[in-house]
Amino acid sequence: TEPFMKSPPKPFPYPLYVTRPFLPDLARYQERLASIWSDRWLTNKGRQHDALHDALRSFLGYDNLSLLNNATQGLCIALKALDIQGEVITTPFTFPATPHAISWNNATPVFADIDSRRLTIDPQSIESLISPRTEAILGVHVYGIPCDVEAIDQIAKRHGLKVIYDAAHVFGTRLNQTPIGQFGDVSVFSFHATKLFHTAEGGCAVSPSPALIKTIDLLKNFGIEDEENVSAPGVNGKLNELQAALGCCVLEEVQTELLSRQRVLSIYQARLASIAELELVRIPGEASNSLQYFVVRVPSRVTGISRDYLHNALRQLNIVTRKYFFPLCSTFPHYRNSLSVRIPLPKAESAASEVLALPFHGQLTDDEVHGICDAISYLMTK
Ligand code: T4K
């Protein structure tokens, strides 16, 4: 396809959102709803919950998995299950949920810089921040790019730290064939509507340790052991039957969504790779692509064109891109003057000012993706 177009592109007649939830066959969902109606069982580990639990365990390859009502609550519960109370070294280049979960546990997030290529937490920066109060590292596999799990593992072993991964973007990811959640002490996935696999709201925790998942199961259900024993100060983190049923239906058809996203990705890559002013954020070869986001970077060294210009100009054309993840969490009022920000974070700042998530989901037609590429080509080269 011709990479440059001469005339200005026309706005789309409807918004093209950064993402849209995949909706499974409605009749299949209604069948499951009918079974919920006849069971009259709406939450607290019903049949749909158990069906989704088993299906995900085999689909993802995890023995120990706990379904949750969302990933934020999941992170809070995971940190509690590991009894983290001191400092947790984490990345500022993430969704607010990541440091907030640490803060809700009355622990202190401490922001490390990121690796400028992978965009994930930089192991060297982690080492520079370790103090006698450090108890854990919380890495985020941002956009589906795995953290440097081996380096993090070594640091954790050397200093006796726990490792938690925010796995909100890595549904199905394998790193050199190993399911990504096998690394660290615990990983938490999000099943929010904006995720490739979703239950409208939901999530799960996985861990190599059956004992830790047992604790998470306990903490997500008020700490109730049985009718007469409550052994821990738990919360309510349960996934209900209507959402679990939706998840079962989405999982049955997730391959369709993956194929469609692969089609969209191929068009973007073929059309945008030739624009010198744009860098495509790529998933490293050793990892499978979770196809969660498609992100480009507009390097600030490019004169005349900034990420914000591209974002605003595309919005005029009804192309709704998002600046995931700007602003950095380290700039939020709650953190910026606190013990959380101890070192300059230049690489994270530069990434946050340059990234742009483009519309990326299976319902986009080829023509729409080409239209987005036409608009970007025009704006970047005019
Ligand atoms: N860790 C990381 C690294 C995360 O990225 C997230 C969540 C979490 C933890 C926490 O996971 P959860 O506790 O949510 O399970 C959205 C999502 O709400 C959020 O889950 C996600 N990350 C984040 C990256 O994106 P917003 O504030 O950008 O959402 P919103 O409402 O602007 O939606 C984005 C677009 O999606 C809309 O422009 C249109 C489309 N959309 C959205 C919804 C909800 C639809 O078409 N239909 C819908 O039903 O946060």
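## Basis of the model

Helices (H or I, at least four residues) and strands (E, at least two) are DSSP runs numbered from the N terminus, and one of these helices, H9 (residues 254–272), is the place of Ser-260. The structure is a predicted model, in which local features need pLDDT of at least 70 and side-chain atom pairs count only at pLDDT 80 or more, whereas totals for chains, interfaces and linings use all residues. Residues are numbered from 1 along each chain as its sequence is written, and side-chain values use heavy atoms, with hydrogens and water left out.

## Two buried serines

With a relative accessibility of 15%, Ser-260 counts as buried, because that term covers values under 20% relative accessible area, while exposed means over 50% and partly exposed lies in between (1.4 Å probe, protein chains only). The side chain of Ser-260 makes a polar contact with the side chain of Arg-263 at 2.8 Å; such a contact is a pair of N or O atoms within 3.5 Å, and within protein one atom must be able to donate a hydrogen and the other to accept it, with residues adjacent in sequence counting only if both atoms are side-chain atoms.

Ser-340, by contrast, is found in a loop, the one between helix H11 (333–336) and helix H12 (346–354). Ser-340 also counts as buried, at 2% relative accessibility, and the side chain of Ser-340 reaches the backbone oxygen of Pro-109 at 2.6 Å.

## Surroundings of the ligand

The ligand is surrounded by 25 residues, each with a heavy atom within 4 Å of it, and the closest are Thr-72, Asp-166, Ser-190, Arg-322 and Tyr-324. Helix H3 (71–81) and helix H4 (97–104) each contribute at least two residues to this shell.

For Arg-20, the distance from a polar side-chain atom to a ligand oxygen is 2.9 Å; for His-169, a side-chain N or O atom lies 2.8 Å from an oxygen atom of the ligand; and for His-192 the corresponding distance is 3.3 Å. Of the 920 Å² of accessible area that the ligand has on its own, the protein covers 77%, with areas taken from the Shrake-Rupley method with a 1.4 Å probe.

## Cis peptide bonds and positive phi values

Most residues other than glycine have a negative phi, and most peptide bonds are trans. In this model, however, a cis peptide bond with omega of about 10° joins Tyr-324 and Phe-325, and Tyr-324 is also among the residues closest to the ligand. Phe-325 lies in the loop between helix H10 (307–316) and H11. A cis peptide bond also joins Phe-326 and Pro-327, with omega of about -5°, and Pro-327 is likewise placed in the loop between H10 and H11.

Leu-119 has a positive phi, near 70°, and is found in the loop between strand S3 (108–111) and helix H5 (123–129), where its relative accessible area of 2% makes it buried. Ala-200 also has phi near 70°, in the loop between strand S8 (186–190) and strand S9 (203–206), but at 33% relative accessibility Ala-200 counts as partly exposed.

## A contact across the sequence

Ile-283 is found in the loop between strand S12 (279–280) and strand S13 (294–297) and is partly exposed, with a relative accessible area of 22%. Although Ile-283 and Tyr-143 are 140 residues apart along the chain, their C-alpha atoms are separated by 8.3 Å.
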